[in-house]
Amino acid sequence: MQLYALGLNHHTAPLTIREQVAFQPERLDDALHDLTHERTVREAAILSTCNRTELYFATEQPQHAADWLARFHHLPLSEVSPYLYTYPQRDAVRHVFRVASGLDSMVLGEPQILGQVKDAARRAEEAGTMGTLLHKLFQNTFAVAKEVRSTTAIGANIVSMAAAAMHLSERIFERMSDQRVLFIGAGEMIELCAAYFAGACPKRIAVANRTEARAQLLAHRFGAEVMRLDVVGEMLPHFDVVVSCTASPLPIVGLGMVERAIKARRHRPIVMVDLAVPRDIEAEVGQLDDVFLYTVDDLAQIVDAGLESRQQAVLEAEEIIDSRVNGFLHWMQARDAVPTIRALRQHAETVRAVELERATRLLAKGEDPQKVLDALSHGLINKLMHGPTRYLNQSEGEQQADASRLVQQLFNLNSPD
């Protein structure tokens, strides 16, 4: 029985594919039971977020999990398999350690993923699909993630435009949970920004885009509402943060539009982040009182400042993870040896019981105790040494040298003690 990780994520699959294999929370228990029903997969946990769907499981036949994933979502395997990755034991352990530590996230070092991994483990435990291997794996995973975050600066520095946009907004507003956020556009950069802002649970999120279908996809992920692009000016006063990134050749948000919004807001401040090139927001907007306008260049300065420190933190985190992977695999190997250890001790106990019974009978007959103890010790030695001695005598050629080294190591014969 081996551990595996199987799935797809934002690195390997587009959003359209990720959506098709995502698990709704209300179906997760049924999915876990279904995956382990035939006992081909003995233990299983499912991690399903907007950026990844991954199965962590113990089995002898990993292909069964891929077949099941496609079947459960009513998809042909051929449609899903180009985007899937399967990690065998060592790589699987390393992967889940990296995921929980934020090293495999769309936003490097983001903290939300650890909570999502913990939730996946909890759901598996509640469903009864968490066995000894996965339980130990996740306990180690949480410990590794905690160590990475407490001993490195993986989450302390801003290294993405999306994180910088969030950081600048938090400078103005004490609590993002009280604010209303409008995203103009629905491309990759807006998707990254939405992931950051949604993590702070703002009071309202809206997406305005020229193509409504694309806006609907993004809104569905983050619990947002969809707005037509032509009503942005009318709705602008209702939002505290505006993040825009479109491919429009001309500005979408003009000076007059923002002037009217500020007046309607009674001069409550508004943060505007323009990530588009060419600009979506007229440059003159930045001269208005109560408007905090940031461009892509402003965000780039913050990102550059954090890159060097974050890269060093990633190297430190990878060293921690590699060390902890080796420790976990050592535990697994030791666990595999448990049946042999039990059998060896049982054999020794059987020998001891036989020799003790014989000695007890001789003592009952009045034999000399010293001779009985001597016979007992010789009997124990002869029987316990019989197996290793026969193993050495039956070895030939190169095998004999290997057998000698093994026995010397087992009994510590090269030690001066």
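In this predicted model, the chain over residues 168-302 is 36% helix and 21% strand. The end C-alpha atoms of this stretch are 9 Å apart. UniProt, in an unreviewed entry, lists residues 168-302 as "domain: Quinate/shikimate 5-dehydrogenase/glutamyl-tRNA reductase".

Helix packing was examined next. Two packed helices are described by the angle between their axes and the distance between the axes. Helix α8 spans residues 161-172. The axes of α8 and α9 come within 8 Å and cross at roughly 45°. The crossing of α8 and α9 is right-handed. On the α8 side, the contact is made by Met 161, Ala 162, Ala 163, Ala 165, Met 166 and Ser 169. Helix α9 contributes Met 189, Leu 192, Cys 193, Tyr 196 and Phe 197. By class, 10 residues of this contact are nonpolar and 1 is polar. No charged residue takes part in the contact of α8 with α9.

Helix α9 also packs against helix α10. Here α9 covers residues 188-199 and α10 covers residues 212-222. Their axes come within 10 Å and cross at roughly 25°. This angle makes α9 roughly parallel to α10, because angles under 35 degrees count as such. The crossing of α9 and α10 is right-handed. Ile 190, Glu 191, Ala 194, Ala 195 and Ala 198 form the α9 side of the contact. Arg 214, Leu 218, Arg 221 and Phe 222 form the α10 side. The residues of this contact divide into 6 nonpolar and 3 charged, with no polar ones.

Arg 221 of α10, part of the contact with α9, also touches Cys 50. Cys 50 is listed by UniProt as "active site", again in an unreviewed entry. This cysteine lies in the loop between β2 (41-48) and β3 (52-59). Cys 50 has a relative accessibility of 29% and therefore counts as partly exposed. Beyond residues up to four places away in sequence, Cys 50 touches Arg 18 and Arg 221.

A further arginine, Arg 98, was also examined. Arg 98 sits in helix α5, which runs over residues 89-100. Its relative accessibility is 17%, so Arg 98 counts as buried. The cut-off for this class is under 20%. With residues up to four places away in sequence left out, Arg 98 touches Leu 103, Asp 104, Glu 318 and Ile 321.

Note on methods: Residues are numbered from 1 along each chain as its sequence is written. This is a predicted model: local features need pLDDT of at least 70, side-chain atom pairs count only at pLDDT 80 or more; totals for chains, interfaces and linings use all residues. Side-chain values use heavy atoms; hydrogens and water are left out. Axes are lines fitted to C-alpha atoms, for helices over the stretch in contact, and angles run from 0 to 180 degrees between N-to-C directions. Helices (H or I, at least four residues) and strands (E, at least two) are DSSP runs, numbered from the N terminus. Angles under 35 degrees count as roughly parallel, over 145 as roughly antiparallel, 65 to 115 as roughly perpendicular and the rest as oblique. A crossing is left-handed if the near helix is turned anticlockwise from the far one by less than a right angle, and right-handed if clockwise. Contact means heavy atoms within 4.5 Å. Ala, Val, Leu, Ile, Met, Phe, Trp, Tyr, Cys and Pro count as nonpolar, Asp, Glu, Lys and Arg as charged, and the others, Gly among them, as polar. Buried means under 20% relative accessible area, exposed over 50%, partly exposed in between (1.4 Å probe, protein chains only). UniProt positions are given in the numbering used here, feature names are shortened, and annotations may be inferred rather than shown by experiment.
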